[in-house]
There are 2 protein chains.
Amino acid sequence: MTDVERADRDPAASTDASPVQAVGTTRPGGRTARTRLAVLAAVRELIAETGEAVPSIPAVAERSGVHAATIYRRWRTPEALVIDVALADVNERSPIPATGDLRADLTAYTTQLIGDAARPGGLAFLHALTAAAGTPEVGAAALPSLVEPRMEHFQRMLDAGGATELTPMDMLSLLIAPVSLGTMLGSLPDDADAAAAHLVDNVIAVEEYRRRHGN
Amino acid sequence: MTDVERADRDPAASTDASPVQAVGTTRPGGRTARTRLAVLAAVRELIAETGEAVPSIPAVAERSGVHAATIYRRWRTPEALVIDVALADVNERSPIPATGDLRADLTAYTTQLIGDAARPGGLAFLHALTAAAGTPEVGAAALPSLVEPRMEHFQRMLDAGGATELTPMDMLSLLIAPVSLGTMLGSLPDDADAAAAHLVDNVIAVEEYRRRHGN
DNA sequence: ACTCTCACGCAACTGTCTTCGCGTTAGACT
DNA sequence: AGTCTAACGCGAAGACAGTTGCGTGAGAGT
């Protein structure tokens, strides 16, 4: 009847040995991983369909075939669901290049970021993020694990590009933050390339300014 | 807010009203104004007490003494309540100076902004903002009326300070956005003055960069 | 002062979210 | 292969947000 039950009984449909996170859990194995994938897939679908709302847990339960009680036990809130999806997707969705050409790397990343934020899930993610930030038990654990890997990637890009003054934090302040707020307010220009070029110019400006004025 | 009040009235007689004082409504008088003040005061208190959550309407009803049905009829959602409080408070809470000294004005504003965002209500406001952005019927009306007056103030500050290249939008990208996201992620330095100086330097850097490279 | 009617209080109602106890299943481990 | 137990399914109970119809009181207009 449900996707999960079918997956459980059909040996051919068993997962192709891709160990999902669930680090530190006592039982990371097959069924738990399958339910997790089914739930996260349902969250993605619902976000894509319903526009930008954070999906309700009963809706995710029906869509995924996983019982609502199970979802409540594992995730507790809808926001945690969205955060979990984001954690699983961010790295492949907005890769951070490091070719050595700073402006090109920044432009490529920013353009993709703008496009990503404009997607239906973009606002849902921001919503979930603010909600998670308000509830320490969710945010305190999730936020660092979301941010830290990105910071390392940024550092590689900056090193490769010869940026001596900029820090990964500056990427947060000068790129991610304006794109996030701009998406919320709908104040981003329609032309994503122009918007990206604008933001990248700001980054370059800061790098040059600090070089001239010392750190 | 205006949409809700319009729904209560004759649809044809609707003229646009200032979201703060509700002037122009058919009955702006004593009782309506009192209930509104009582409700907004309760929202402020609840936000200050409960940390950073968006208060539930039943809670606001009990605290304010205004019946829940009334609040539902006028505001519709808790997010609209928080937005309304923000609309009423922002101008006095984070004034935008225009003394002619650009760096001093920027620093004063940014410092106050950081302090304001760190307050309990700061996160609640961001939460409400993202939620409002996701529901067009609330956000489409409220967001412009929140942003536009600020943009004008910024323009005055920039003019007075002799900034020829910067736009009010840049203040959004370079100051408000980083402070917002930084507050969410808890990534702002503990030293608010240092953080403000950092962000202000970025603004100055962009102004100088554009002067040298043409717009 | 009188009338009109908008906004509010009231209470019952509906639908949905959320939790809980218990039995069952399926990985993990020996 | 056998045992153990964490994780899941299930249904019911509870709590809560949100809605609606109706009567009343308080501004607004004359």
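**View 1. Leu175(A) lies in helix H9 of chain A.** The model is predicted; local features need pLDDT of at least 70 and side-chain atom pairs count only at pLDDT 80 or more, whereas totals for chains, interfaces and linings use all residues. Residues are numbered from 1 along each chain as its sequence is written, with chains lettered from A and ligands numbered from 1 in the order in which they are written. Helices (H or I, at least four residues) and strands (E, at least two) are DSSP runs, numbered from the N terminus. Leu175(A) is buried, having 23 other C-beta atoms within 10 Å. A residue is buried if 20 or more other C-beta atoms lie within 10 Å of its own, exposed if 12 or fewer, and partly exposed in between, with C-beta atoms placed from the backbone. Leaving aside residues up to four places away in sequence, Leu175(A) touches Thr110(A), Leu113(A), Leu199(A) and Val203(A); two residues are in contact if their C-beta atoms, placed from the backbone, lie within 7 Å. A separation of 10.0 Å lies between the C-alpha atoms of Leu175(A) and His198(A), which are 23 residues apart along the chain.

**View 2. Chain A has ten helices and zero strands.** Of its 215 residues, 38% count as buried. Among contacts in chain A between residues at least 6 apart in sequence, 65% join residues at least 24 apart.

**View 3. The largest nonpolar core has 115 residues.** Such a core is a set of buried Ala, Val, Leu, Ile, Met, Phe, Trp, Tyr and Cys residues joined through C-beta atoms within 7 Å. Val43(A), Val82(A), Ala128(A), Val43(B), Val82(B) and Ala128(B) touch the most other members. Not counting residues up to four places away in sequence, the contacts of Val43(A) are Pro55(A), Val60(A), Leu81(A), Val82(A) and Val85(A).

**View 4. The contact between the chains takes 29 residues from chain A and 29 residues from chain B.** On the side of chain A that touches chain B, helices H7 (120-134), H8 (136-161), H9 (168-185) and H10 (192-213) each supply at least two residues. The largest share of that side, eleven residues, comes from H9(A).

**View 5. Chain A can be laid on chain B with an RMSD of 0.2 Å by a turn of 179° and a shift of 0.0 Å along the axis.** The two copies are thus related as by a two-fold rotation axis. Superposition is by least squares on the C-alpha atoms of residues with pLDDT of at least 70 in both copies.
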